[in-house]
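Visitor: I am new to this structure. Please show it to me, and then walk me through it.

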Amino acid sequence: MDKQTRNEKYIEYVEAKTPKAGWFTSLFHAFVMGATICCLGQMFSDIIRSFYPMMDLLTLGSWINIIIITLTILLTAFGCFDRLAKYGGAGTFIPISGFANSIASCAIEFKKEGLVFGIGAKMFYVAGPVLVNGVAYSLVVGIVYFIISLF
Amino acid sequence: MKKIGLQTYEIEKNISVIATTSLVGNKEGQGPLADYFDFIEKDDKMGEKTFEKAERTMFLKALSDVIKKAGLKKEQVDLYVGGDLMNQLVSSNYVASELQIPFLGLYNACATMTESLIVGASMLEAGGAKNVMCATGSHFSTAERQYRYPLEFGNQRQSYAQWTVTGVGATMLSSTHSSNVKIKKVTIGKVTDFGITDIANMGAAMAPAAMETLSTFFEETKTNQKDYDLIATGDLGKLGSDIFKDLMKQKGYDIETNYIDCGHMIYTIDQDTLQGGSGAGCSASVFNSYIIKKLSSGEFKKVLLISTGALMSTTTNQQGDSIPGIAHLVMLEGK
């Protein structure tokens with residue numbers, strides 16, 4: 001048996017043998033966690049609204065983001081957020097909480113290597129690809145929008 | 001040293017394991033082997049500012065203890081061989097600088113324990129050196145930082161991933177002092193690559209290497225699994241050891257009854273370590289505690305220790321290359 005067939009057979013065998021995470025449970029956990037975060041956001045929004053009924057939606061949205069980000073960073077600093085994320089998966093990562101955690105955790109982690117080459121250089125170590133993705137997709141969407149607006 | 005076969009050597013001198021020390025972190029200390037470890041550190045920072053410094057402190061504590069236990073002075077230790085998982089073997093280098101014992105740094109990832117035992121025994125066989133200290137270790141937090149994500153980053157691990165052991169194991173070998181436990185044979189493994197690219201599935205990447213080394217040892221010594229009381233692999237984890245047993249069965253060896261994996265046995269299932277322990281400190285801490293104590297007490301007479309290493313680099317892995325594995329075997333005999 002040549003090396004390539006041996007490897008192919010082995011990889012096939014390993015894939016069959018490797019336990020798969022139950023998709024239904026992960027989906028359910030992500031749903032619960034994501035929904036909880038969104039409900040929290042709604043709750044803060046309602047509270048702010050009750051004090052400032054005239055506040056416009058954009059300003060209100062910014063306040064909710066600030067609150068969720070601050071809470072996430074606090075939880076990250078106290079070492080609790082990774083436990084929530086272990087349960088919630090994408091449910092914690094997709095809302096702005098995931099983004100805040102990825103930056104805060106890097107800042108905490110690389111503080112030991114100094115302000116410039118530690119925090120400065122590595123703060124976006126995990127969040128960087130997300131930003132690049134966001135910029136790249138908004139460029140594509142922008143071009144599509146421009147073409148549509150021509151007609 | 002007499003060469004028997006292509007990869008196996010017989011040790012001709014009387015080389016004894018005269019002292020061992022195992023030091024582990026808090027999580028390992030809550031596992032099923034807690035009673036066997038010499039030191040269980042509650043603080044995984046060892047009172048230091050960084051995890052890298054903590055790893056060094058762990059090494060220093062374990063090495064100073066093994067020298068003391070062997071009844072030797074620092075000057076009587078002719079050589080220190082070993083390594084760790086950090087880039088440039090920083091932990092071992094700083095400790096060797098502190099101890100001022102001649103040092104050979106070795107890297108075979110998690111197979112460094114048996115690698116250093118083989119190099120140490122060879123130096124004693126060659127004559128000249130009388131006492132050689134072999135040590136390896138790893139730290140969960142330094143390995144996470146180097147190989148994966150920041151510690152507080154919230155992500156889900158794959159269900160087949162493993163957990164790096166925080167621990168150090170040190171062994172003092174001697175050709176002049178004697179003890180119940182002796183190194184008899186060694187097999188130097190070949191780097192084996194069956195094409196696994198998933199960095200989380202290290203057990204699957206290393207299992208073929210362990211199979212190659214163990215089956216070569218059996219062929220070259222004309223023995224089989226029934227001739228040994230215990231066959232222990234380093235850190236294949238639960239999934240990896242299941243694969244390893246399957247591969248050995250295909251070779252015609254049924255090792256079900258007297259086989260353990262150090263990574264699988266160091267944690268219990270409720271410790272949330274998924275497939276079990278990994279890291280250079282895994283086989284090092286289990287060998288220098290559980291296995292050596294059972295050998296000294298006479299419960300085991302003949303033991304095969306096969307430390308397994310996944311020789312991956314984050315750079316080549318991100319470039320899509322596969323993960324080569326290696327496994328070295330040491331055969332030990334008690335009285």
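Guide: One term comes up throughout: a contact, or touch, means heavy atoms within 4.5 Å. This is a predicted model, where local features need pLDDT of at least 70, side-chain atom pairs count only at pLDDT 80 or more, and totals for chains, interfaces and linings use all residues. Residues are numbered from 1 along each chain as its sequence is written, chains are lettered from A and ligands numbered from 1 in the order in which they are written, and side-chain values use heavy atoms, with hydrogens and water left out.

Visitor: Which residues does Gln162(B) touch, not counting residues up to four places away in sequence?

Guide: The list leaves out residues up to four places away in sequence. Gln162(B) then touches Arg157(B), Ala200(B), Met202(B), Gly203(B), Asp235(B), Leu236(B), Gly237(B), Thr273(B), Gln275(B), Gly276(B), Gly277(B) and Ser278(B).

Visitor: Is Gln162(B) buried or exposed?

Guide: Gln162(B) is found in the loop between helix H5 (140–147) and strand S8 (163–164) of chain B. Helices (H or I, at least four residues) and strands (E, at least two) are DSSP runs, numbered from the N terminus. Buried means under 20% relative accessible area, exposed over 50%, and partly exposed in between (1.4 Å probe, protein chains only). With a relative accessible area of 5%, Gln162(B) is buried.

Visitor: Which backbone oxygen does the side chain of Gln162(B) reach at 2.9 Å?

Guide: A polar contact is a pair of N or O atoms within 3.5 Å; within protein, one must be able to donate a hydrogen and the other to accept it, and residues adjacent in sequence count only if both atoms are side-chain atoms. The side chain of Gln162(B) reaches the backbone nitrogen of Gly203(B) at 3.4 Å. At 2.9 Å, the backbone oxygen reached belongs to Gly277(B).

Visitor: Which side chain of chain B makes a polar contact with the side chain of Thr18(A)?

Guide: Thr18(A) lies in the loop between H1 and helix H2 (23–51) of chain A. Thr18(A) counts as buried, at 8% relative accessibility. Outside its sequence neighbours up to four places away, Thr18(A) touches Tyr160(B), Asn201(B) and Leu239(B). The side-chain partner, at 3.4 Å, is Asn201(B).

Visitor: How many salt bridges are there between chain A and chain B?

Guide: A salt bridge is a side-chain nitrogen of Lys or Arg within 4 Å of a carboxyl oxygen of Asp or Glu. Arg145(B) forms one with Glu113(A), the closest N and O atoms being 2.9 Å apart. The count between the two chains is 4.

Visitor: Which helix gives the most to the side of chain A that touches chain B?

Guide: Helix H1 (3–17), helix H4 (81–88) and helix H6 (96–109) of chain A each supply at least two residues of that side. With 8 residues, the one that gives the most is H1(A).

Visitor: How much area is buried between chain A and chain B?

Guide: The contact takes 32 residues from chain A and 30 residues from chain B. Buried area is the accessible area (1.4 Å probe) that two parts lose on being put together, summed over both. Carbon and sulfur atoms give 57% of it. The area is about 2,500 Å².

Visitor: What is the radius of gyration of chain A?

Guide: Chain A has 8 helices and 0 strands. The radius is taken over C-alpha atoms, and the globule rule is 2.2 Å times the number of residues to the power 0.38. That rule gives 15 Å for 151 residues, and chain A is well over this, so it is more spread out than a compact globule. Its radius of gyration is 21 Å.
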